[in-house]
Amino acid sequence: MKATKIAYKPVGMAMGAVSGVLAGVVFKQVWKRLGHDEDAPDATDEQRTWREVLSAAALQGAIFAGVKAAVDRGGATVTRQLTGTWPG
(Lines give C-alpha, C1' and ligand atoms only; values in the text may rest on other atoms or scores of the structure.)
Protein backbone atom coordinates (compact mmCIF):
# COMPACT_ATOMS: atom_id res chain seq x y z
CA MET A 1 0.00 0.00 0.00
CA LYS A 2 1.36 3.42 -0.92
CA ALA A 3 2.38 5.83 1.83
CA THR A 4 0.02 8.48 0.43
CA LYS A 5 -2.91 6.08 0.63
CA ILE A 6 -2.07 5.16 4.23
CA ALA A 7 -1.62 8.81 5.22
CA TYR A 8 -4.90 9.71 3.54
CA LYS A 9 -6.96 7.19 5.57
CA PRO A 10 -7.44 9.35 8.72
CA VAL A 11 -8.08 12.42 6.58
CA GLY A 12 -10.67 10.51 4.57
CA MET A 13 -12.36 9.31 7.75
CA ALA A 14 -12.53 12.83 9.16
CA MET A 15 -13.91 14.15 5.89
CA GLY A 16 -16.51 11.40 5.94
CA ALA A 17 -17.74 12.56 9.33
CA VAL A 18 -17.84 16.17 8.17
CA SER A 19 -19.72 15.20 5.01
CA GLY A 20 -22.32 13.35 7.10
CA VAL A 21 -22.97 16.41 9.23
CA LEU A 22 -23.07 18.68 6.17
CA ALA A 23 -25.46 16.34 4.37
CA GLY A 24 -27.76 16.32 7.40
CA VAL A 25 -27.89 20.11 7.41
CA VAL A 26 -28.54 20.24 3.66
CA PHE A 27 -31.29 17.63 3.91
CA LYS A 28 -33.08 19.48 6.72
CA GLN A 29 -33.04 22.70 4.70
CA VAL A 30 -34.30 20.99 1.54
CA TRP A 31 -37.02 19.18 3.49
CA LYS A 32 -38.23 22.44 5.05
CA ARG A 33 -38.19 24.26 1.68
CA LEU A 34 -40.34 21.53 0.19
CA GLY A 35 -43.00 22.60 2.69
CA HIS A 36 -42.75 19.72 5.12
CA ASP A 37 -42.40 19.63 8.87
CA GLU A 38 -39.14 20.47 10.61
CA ASP A 39 -38.11 16.81 10.83
CA ALA A 40 -38.33 14.10 8.23
CA PRO A 41 -40.61 11.20 9.11
CA ASP A 42 -39.32 8.04 10.70
CA ALA A 43 -40.24 4.79 8.99
CA THR A 44 -42.25 3.77 12.05
CA ASP A 45 -44.18 7.06 12.36
CA GLU A 46 -47.80 5.91 12.21
CA GLN A 47 -49.08 9.40 11.34
CA ARG A 48 -47.07 9.64 8.10
CA THR A 49 -48.01 8.10 4.77
CA TRP A 50 -45.97 5.54 2.87
CA ARG A 51 -45.38 8.10 0.15
CA GLU A 52 -44.00 10.68 2.59
CA VAL A 53 -41.75 8.18 4.40
CA LEU A 54 -40.33 6.69 1.21
CA SER A 55 -39.84 10.03 -0.55
CA ALA A 56 -38.03 11.44 2.49
CA ALA A 57 -35.76 8.39 2.63
CA ALA A 58 -34.98 8.58 -1.10
CA LEU A 59 -34.25 12.30 -0.93
CA GLN A 60 -32.08 11.88 2.15
CA GLY A 61 -30.12 9.06 0.52
CA ALA A 62 -29.54 11.06 -2.66
CA ILE A 63 -28.34 14.10 -0.72
CA PHE A 64 -26.03 12.05 1.49
CA ALA A 65 -24.52 10.24 -1.50
CA GLY A 66 -24.03 13.46 -3.44
CA VAL A 67 -22.42 15.35 -0.57
CA LYS A 68 -20.17 12.40 0.31
CA ALA A 69 -19.03 12.03 -3.30
CA ALA A 70 -18.30 15.76 -3.59
CA VAL A 71 -16.33 15.83 -0.33
CA ASP A 72 -14.40 12.64 -1.16
CA ARG A 73 -13.57 13.85 -4.66
CA GLY A 74 -12.52 17.27 -3.36
CA GLY A 75 -10.28 15.69 -0.73
CA ALA A 76 -8.63 13.43 -3.29
CA THR A 77 -8.07 16.38 -5.63
CA VAL A 78 -6.46 18.46 -2.87
CA THR A 79 -4.29 15.49 -1.88
CA ARG A 80 -3.05 15.18 -5.46
CA GLN A 81 -2.30 18.91 -5.59
CA LEU A 82 -0.32 18.75 -2.34
CA THR A 83 1.49 15.44 -2.86
CA GLY A 84 1.38 14.82 -6.59
CA THR A 85 -0.24 11.42 -5.99
CA TRP A 86 -3.89 10.39 -6.16
CA PRO A 87 -4.85 8.76 -2.82
CA GLY A 88 -7.12 6.05 -4.24
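What percentage of the 88 residues of the chain count as buried? I looked this up before anything else. The value is 20%. I note that the model is predicted.

**Fold.** I went to secondary structure next. I find two helices and zero strands in the chain. The radius of gyration is 17 Å, well over the 12 Å of the globule rule for 88 residues, so the chain is more spread out than a compact globule. I then took the span of the C-alpha trace along its principal axes. I get about 55 × 25 × 15 Å.

**Contacts.** I checked how far apart in sequence the contacting residues sit. I counted contacts in the chain with a separation of 6 or more, and 55% of them join residues 24 or more positions apart.

**Core.** I looked for the largest nonpolar core. I find six residues in it: Ala-23, Phe-27, Trp-31, Ala-56, Ile-63 and Val-67. Helix H1 (3-33) and helix H2 (50-83) are the elements that each give two or more residues to this core. I set aside its neighbours within four places in sequence, and Phe-27 is then in contact with Ala-40, Ala-56, Leu-59, Gln-60 and Ile-63.

**Surface and charge.** The chain exposes about 6300 Å². Carbon and sulfur atoms supply 62% of that area. I count 11 positive and 8 negative side chains. I also located the centres of the two sets, and they lie 20 Å apart.

Terms used: Residues numbered from 1 in each chain as written. Predicted model: local features only at pLDDT ≥ 70, side-chain atom pairs only at ≥ 80, totals over all residues. Heavy atoms only, no water. Core = buried A, V, L, I, M, F, W, Y, C linked by side-chain atoms within 4.5 Å. Buried < 20%, exposed > 50% of the residue type's maximum accessible area, 1.4 Å probe, protein only. Helix = DSSP H or I, 4+ residues; strand = E, 2+ residues; numbered from the N terminus. Contact = heavy atoms within 4.5 Å. Rg over C-alpha atoms; globule rule 2.2 N^0.38 Å. Areas by Shrake-Rupley, 256 points an atom, 1.4 Å probe, with all protein chains shown as cover. Lys, Arg positive; Asp, Glu negative; His and termini not counted. Charge placed at Lys NZ, Arg CZ, Asp CG, Glu CD.
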